[in-house]
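Here is a short report on one strand and its surroundings. Look at the model first, then read on.

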Amino acid sequence: GLRVLAVDHNAVNRAILHEHIVGWGMRNGSAESGPRALEMLRAAAGRAEPYAVAIVDMHMPGMDGAALARAIRADPAIAGTRLILLTSMAHGGSEANPAGPFDACLTKPARQSALYDCLAQLMAGPPLAEDGIPRVEISSAPRKRTKRAAAGRRGARILVAEDNVVNQQV
């Protein structure tokens, strides 16, 4: 299954991410710091069992999330890891965004559905956009759907794998 590494100095946050990830049948690892995350990512890549995604808290003592992301991108053995920035405020891909190496931003507290959507979008598309702006930004707050957003979803293909006819219709 998909291998996901949760990087956060807060043990409770790591435990919550772990529960979500393993609940979806994915394989989870967790690291309490940037240096430990680098060690785990490199070891997994060396075993030919790389982590596909790392969920990284922005605010960690010592090596913060942005520094960790830059270190990951600078190492050819692990540079392909998709990176999700976990932050208490949205960055929006602006020039003030200190975390350009991230593929996605997820606002805390991360709802289970928002995290799942973020992972699904990341794994469905190409890695980080060439301009360095995160491709996916998902807020935990409910968003209003706009006509433009709905138009972008027209023609989307969804596979429903359900044996109950009523559930298929829903």
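## A strand covered on both sides

Strand β3 is covered on both faces: Val53, Ile55 and Asp57 on one side, and Ala54 and Val56 on the other, are all buried. Buried means under 20% relative accessible area, with a 1.4 Å probe and protein chains only. In a regular strand the side chains alternate between the two faces of the sheet. Five of the five residues of β3 (residues 53-57) are buried, so the strand is largely enclosed by the rest of the structure.

This is a predicted model: local features need pLDDT of at least 70, side-chain atom pairs count only at pLDDT 80 or more, and totals for chains, interfaces and linings use all residues. Residues are numbered from 1 along each chain as its sequence is written, and side-chain values use heavy atoms, leaving out hydrogens and water.

Strands (E, at least two residues) and helices (H or I, at least four) are DSSP runs, numbered from the N terminus. Two strands pair if DSSP finds at least two bridges between them. The pairings of β3 follow.

| Partner of β3 | Sense | Bridges |
|---|---|---|
| β1 (residues 3-7) | parallel | four bridges |
| β4 (residues 82-87) | parallel | five bridges |

Which residue of β3 stands opposite alanine 6? It is isoleucine 55. Isoleucine 55 also stands opposite isoleucine 84 in β4.

Helix α2 (residues 34-46) packs against α3 at about 25°, with the axes 10 Å apart. Angles under 35 degrees count as roughly parallel, so α2 and α3 are roughly parallel to each other. Gly34, Ala37, Leu38 and Leu41 of α2 make the contact (heavy atoms within 4.5 Å) with Leu68, Ala71 and Ile72 of α3.

Definitions and conventions: Buried means under 20% relative accessible area, exposed over 50%, partly exposed in between (1.4 Å probe, protein chains only). Axes are lines fitted to C-alpha atoms, for helices over the stretch in contact, and angles run from 0 to 180 degrees between N-to-C directions. Angles under 35 degrees count as roughly parallel, over 145 as roughly antiparallel, 65 to 115 as roughly perpendicular and the rest as oblique.
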